[in-house]
Amino acid sequence: MSTILGKDEQKIKEATFTANLILFWLKANYVLTNKRVTGHTPNTLLGLIPLGKAQIAQPLKTIASVTSSTKFSFMRLLIGLILVIAGFALITSFGIILLLLGAINILNCYTATFVITNNAGQSVGYEISILEKSKVVEFVNEVNTVIADL
């Protein structure tokens, strides 16, 4: 990702994450500079169809905190199980599609998340593949260190 830097702005850290276990080639890119956090994450429909990207550009002076966590989505698991069961029940070409959609939902039900909270208390979360959790924690720690030094 090429980030256009402003006057007196310097890159501190650049991180690339896999946003989805199935669509491993779709990457979320984030850049921490001495003035802001910027980047993008891909949007998908049903966790399978790429539909553009969500942009982020947050000045460091407006960030109150950045946290990381893991998130389990019971609804994704439930929908995935229902689709897998329906896929086995209809083991035709349509059943295979249901099996695939169910497996995708089950694989993406556990994610790593980092949340940026601004000074007004509004939080925005960004989901990343659970396999990238250590990279997310490292990026969040770096952002918090830069914010503390402001």
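Val31 has Thr38 of strand β3 as its bridge partner. This pair belongs to a predicted model. Strand β2, residues 27-33, and strand β3, residues 36-45, are joined by 4 bridges in the antiparallel sense. In general, the strands of a sheet pair through backbone hydrogen bonds, either parallel or antiparallel.

The open sheet has 4 strands in the order β1-β2-β3-β4, with antiparallel pairing. Strands β1 (11-18) and β4 (49-59) are at the edges and have a single partner strand each, so one side of each has no neighbour in the sheet. On average, neighbouring strands are turned by 15° against each other, direction ignored. Helix α3, residues 133-148, packs on this sheet and touches β1, β2 and β3. The direction of helix α3 makes about 155° with that of β1.

Next come the salt bridges, of which the structure holds 6. One of them joins the side chains of Glu9 and Arg36, at 2.7 Å from N to O. Glu9 is in the segment before β1 and Arg36 is in strand β3, so the pair ties together parts 27 residues apart in sequence. Glu9 counts as buried, at 10% relative accessibility, while Arg36 is partly exposed at 22%.

Another salt bridge links Lys13 and Glu138, at 2.9 Å from N to O. Because Lys13 lies in strand β1 and Glu138 in helix α3, this pair ties together parts 125 residues apart in sequence. Lys13 is buried, with a relative accessible area of 19%, and Glu138 is partly exposed, with 45%.

Last, the surface carries a nonpolar patch formed by Phe72, Phe74, Met75, Leu78, Ile79, Ile82 and Tyr110. Together these residues have about 690 Å² of accessible area. Helix α1, residues 74-89, gives the most to the patch, with 5 residues.

Methods. Residues are numbered from 1 along each chain as its sequence is written. This is a predicted model: local features need pLDDT of at least 70, side-chain atom pairs count only at pLDDT 80 or more; totals for chains, interfaces and linings use all residues. Side-chain values use heavy atoms; hydrogens and water are left out. Patches are made of residues with over 30% relative accessible area and no salt bridge: like charges are joined within 9 Å, nonpolar side chains (Val, Leu, Ile, Met, Phe, Trp, Tyr) within 5 Å. Accessible areas come from the Shrake-Rupley method with a 1.4 Å probe; for residues, only the protein chains shown count as cover. A salt bridge is a side-chain nitrogen of Lys or Arg within 4 Å of a carboxyl oxygen of Asp or Glu. Helices (H or I, at least four residues) and strands (E, at least two) are DSSP runs, numbered from the N terminus. Two strands pair if DSSP finds at least two bridges between them. Axes are lines fitted to C-alpha atoms, for helices over the stretch in contact, and angles run from 0 to 180 degrees between N-to-C directions. Contact means heavy atoms within 4.5 Å. Buried means under 20% relative accessible area, exposed over 50%, partly exposed in between (1.4 Å probe, protein chains only).
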